[in-house]
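Visitor: Could you take me through the helix packing here in some detail? I'd also like to hear what surrounds it, one piece at a time.

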Amino acid sequence: MFVADLPPAPAVGDSIVRVTPRDLRDLRLALARTQDIWSHAMRNGEIDLRLSRDAIESLARSGVPIEILIDDVDAMIASQAAERAARRAAGAEGGIAGDDWWADVKDLAQVHAKLDEWIADHPELVSPVLLGTSLEGRPIRGVRISSQPVGADLPAFLFNACQHAREWATPMTAMLIGQELIDGAGGDPRIQTILSQCEVIIVPVVNPDGYHFSWVDTRLWRKNRRDNGDGTFGVDLNRNWGYEWGGQGSSGNPNSETYRGTAPFSEPETQAMRDFILGHGRVVGNIDFHSYSQLILWPWGWTQELSIDQPLFVELGAAMQAAIDSVHGRFYEPGPIYTTIYPAAGGSVDWCYGGAGVFATTVEVRDTGAYGFLIPAAEVRPCAEENTAAALSLIETLLVPAFMAADPEFPTLVPADTPAPVSIYAVPLADAFDGTPTLRARVGTSADFESIPMSALGDDRYEAMLPSAPCGAVIEFYFEWNGDSLTARLPGAAPAELFGAGTTELSQVHGDSMETDLGWTVGAAGDNATSGQWVRVDPNGTTAQPEDDHTPGGTICWVTGQGVPGGAAGAADVDNGITTLVSPLLDGGDPNSVLRYWRWYSNNQGAAPNSDSMLVEVSTDGATWTLIEEVSTSANAWIEASFAMGDIVSPPGPFRVRFVARDLNAGSLVEAAIDDLSIEGPSCAVNAADFNQDGVVDGDDLGTLLGQWGKCVGCPADLNGDGVVDGDDLGALLGEWS
Ligand code: 0X9
Ligand code: ZN
């Protein structure tokens with residue numbers, strides 16, 4: 001029987017090649033020559049293709065960048081099959097010395113036999129699920145694993161694999177999830193908790209016809225075995241699901257590997273999955289296993305828009321990624337399908353999420369191309385192990401009353417004496433929630449928390465204001481949501497764990513009133529104005545140029561050309577080109593600081609008014625200049641401009657700003673002036689005697705000091721650090737009394 005499982009001998013030894021097309025022409029050349037696209041579309045500018053030797057040579061001659069991943073894929077298929085047959089002939093059921101079922105891939109009959117073994121050996125834990133029947137009449141089988149009785153009102157997690165026939169690592173992965181749950185049910189508290197709180201459904205082979213065909217006929221078969229009636233076979237099941245069916249990344253051509261079928265859910269295999277999920281009604285989370293590429297993917301596949309549940313998916317993806325990494329150190333990249341790999345409409349994940357409310361993910365398991373679909377025997381178990389860890393982490397992340405996350409990130413610094421907004425994403429999972437979540441916050445580390453109701457922003461977002469706090473104080477906070485029978489908190493361990501924000505006040509760290517020259521330069525490459533070059537003077541005013549500088553009590557600023565007293569509007573204005581004023585090096589090291597300057601601009605007089613503009617640019621290297629504002633409105637007055645440093649200087653560090661006044665249009669009268677440039681940085685001195693960090697030194701802090709009275713090494717109340725809390729420290733505290 002095993003001999004019959006061997007695929008036919010290959011006619012030619014194709015290669016698997018990673019192509020990095022330089023342009024559309026390269027891509028067309030490559031696609032025109034492929035026998036089979038292994039990676040379906042471009043990713044990171046690369047695409048993996050099966051190509052004949054002739055095709056490779058012709059692409060190489062055209063200069064298309066290629067890298068051989070598998071030299072002779074047909075030979076590799078044949079040798080893997082031969083090794084497998086030899087091991088089976090030598091071994092017991094499963095065919096592996098040591099009898100490890102995961103020591104190599106298993107065919108459909110073996111997978112089904114393993115399900116039967118589980119059901120027979122663990123009837124209290126494992127029950128059969130028949131989802132439906134494939135086109136060719138094979139059962140689409142699964143199991144339910146839970147320590148609670150069938151029919152119990154529990155959340156369910158669905159792990160399915162092998163929509164794509166050739167992705168042989170994936171049924172093995174789904175099966176190991178089942179095995180580890182069964183093995184852990186007896187004594188592993190983590191597994192016992194999971195099995196008592198939910199049910200786990202495993203469907204190892206969604207596409208039994210295709211899977212069987214890939215074993216007995218064509219190893220690299222992907223689709224199901226639909227006879228399309230035109231000589232071609234197969235529908236890509238992962239393009240056949242009925243959510244935005246027919247969209248980008250699916251094909252209407254029956255010969256295509258991504259053929260979507262004649263209608264949404266035209267295939268019995270996708271129908272069976274859909275009907276099971278809808279009929280069950282309690283499926284909360286899902287992994288649809290594919291290979292290869294080592295990716296953790298979530299909706300959407302049909303559009304580049306992010307789903308409203310992106311915060312949940314991001315956290316889920318991070319948890320799964322960490323779980324995978326912890327087992328064998330493999331890196332799996334997380335992200336939404338469309339932007340992480342490619343558009344793929346009609347996939348299971350989009351329908352499960354959009355059509356059935358399931359937090360559905362796709363994991364593309366090992367490897368990243370060295371063997372691709374042809375996973376070597378030695379990698380089957382490690383691959384399955386790391387993805388079992390991912391499955392458990394998905395279950396645990398979603399087995400909470402409600403999922404809550406910061407959205408966007410909470411501030412860690414807020415302005416002093418000002419209420420700052422915080423918003424969260426919160427979605428019910430295992431309970432019903434009527435009202436909105438509550439923000440619980442306090443100023444300092446010792447006060448009682450105050451409850452602040454949150455307002456609903458829509459799309460599962462809620463917002464509230466943090467209490468205002470004095471400079472030097474910290475604000476501590478968490479969130480709470482009361483459900484019908486359970487309470488959800490963020491952070492989960494609150495109030496033992498809390499979020500915190502410091503307070504900040506801006507104060508000037510650099511001031512340049514222009515009264516003395518702190519190192520400005522006039523002129524830059526390309527400057528060609530014939531008059532009106534920048535000069536630092538006490539200006540002689542006109543209707544276009546200031547008479548007075550901006551600095552209170554000062555006299556001097558930078559202007560474009562000093563006119564004569566009582567001169568006409570156009571006296572010494574910028575003419576026939578550009579003049580540039582470059583600042584000394586400034587400190588842009590703190591992204592939370594602010595750059596501020598006062599500018600004057602006039603271009604609304606003369607024969608051709610309002611036809612020029614002044615550019616304000618910054619540079620960290622003196623070579624590349626980035627525009628921060630283009631001034632074209634003629635205020636004929638001093639106007640303040642300010643910028644968050646983090647928005648204009650990157651990476652943080654020293655920078656220069658330059659002002660480029662330009663007369664590029666004949667008849668346009670241009671005057672500009674600059675004064676009072678400053679940088680303000682955040683600061684709030686924390687008072688060492690303010691033990692509870694509420695911004696005031698008061699009776700609470702005195703109480704703390706008295707509580708630590710006496711010999712007390714390293715105590716906060718030992719303000720002078722002499723190892724004793726005594727009268728000296730008391731005096732220091734009273735000296736700071738608010
Ligand atoms: O293209 C696919 O169906 C998957 N990649 S594979 O190489 N295994 O064929 C990616 C599926 C992404 N998920 C959905 N679009 N639902
Ligand atoms: Zn796949």
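Guide: Let's begin with helix H14 (residues 699-707) and helix H15 (residues 727-735), whose axes come within 11 Å and cross at roughly 170°. The pair is therefore roughly antiparallel (under 35 degrees counts as roughly parallel, over 145 as roughly antiparallel, 65 to 115 as roughly perpendicular and the rest as oblique). Axes here are lines fitted to C-alpha atoms, for helices over the stretch in contact, and angles run from 0 to 180 degrees between N-to-C directions. Helices (H or I, at least four residues) and strands (E, at least two) are DSSP runs, numbered from the N terminus.

A word on the basis of all this: the model is predicted, local features need pLDDT of at least 70, side-chain atom pairs count only at pLDDT 80 or more, and totals for chains, interfaces and linings use all residues. Residues are numbered from 1 along each chain as its sequence is written, chains are lettered from A and ligands numbered from 1 in the order in which they are written, and side-chain values use heavy atoms, with hydrogens and water left out.

Back to the pair: H14 brings Asp701, Leu702 and Leu705 to the contact, where they meet Asp729, Leu730 and Leu733 of H15 (contact means heavy atoms within 4.5 Å). By class, that contact holds four nonpolar, no polar and two charged residues. Ala, Val, Leu, Ile, Met, Phe, Trp, Tyr, Cys and Pro count as nonpolar, Asp, Glu, Lys and Arg as charged, and the others, Gly among them, as polar.

Now for the domains. The domain assignment gives domain 1 (3-71), domain 2 (105-398), domain 3 (403-502), domain 4 (508-682) and domain 5 (699-735); such bounds come from an automatic or database assignment. Between the C-alpha centres of domain 4 and domain 5 there are 54 Å.

Next, another helix pair. Helix H9 (residues 310-328) and helix H12 (residues 377-398) have axes that come within 8 Å and cross at roughly 145°. Their crossing is right-handed (a crossing is left-handed if the near helix is turned anticlockwise from the far one by less than a right angle, and right-handed if clockwise). On the H9 side the contact includes Leu312, Leu316, Ala319 and Met320, and on the H12 side the residues include Pro382, Glu385, Ala389 and Leu398.

Strand E15 (residues 421-428) and strand E19 (residues 461-465) run antiparallel and are joined by five bridges; Val422 has Ala464 in E19 as its bridge partner.

Pro299 and Trp300 are joined by a cis peptide bond with omega of about 0°, and Trp300 sits in the loop between strand E10 (295-298) and H9. Asp407 and Pro408 are also joined by a cis peptide bond, with omega of about -5°; Pro408 belongs to the loop between E13 and strand E14 (413-415). Gln294, although not a glycine, has a positive phi of about 60°, and it lies in the loop between strand E9 (283-291) and E10.

One more helix pair remains on our tour. Helix H8 (residues 268-280) packs with helix H11 (residues 348-356) at an angle of about 30°, and their axes are 12 Å apart. That angle makes H8 roughly parallel to H11, and their crossing is right-handed. Arg274, Ile277 and Leu278 in H8 meet Trp351, Cys352, Gly355 and Ala356 in H11. This contact of H8 with H11 has five nonpolar, one polar and one charged residues.

Note on methods. Pairing = 2+ DSSP bridges.
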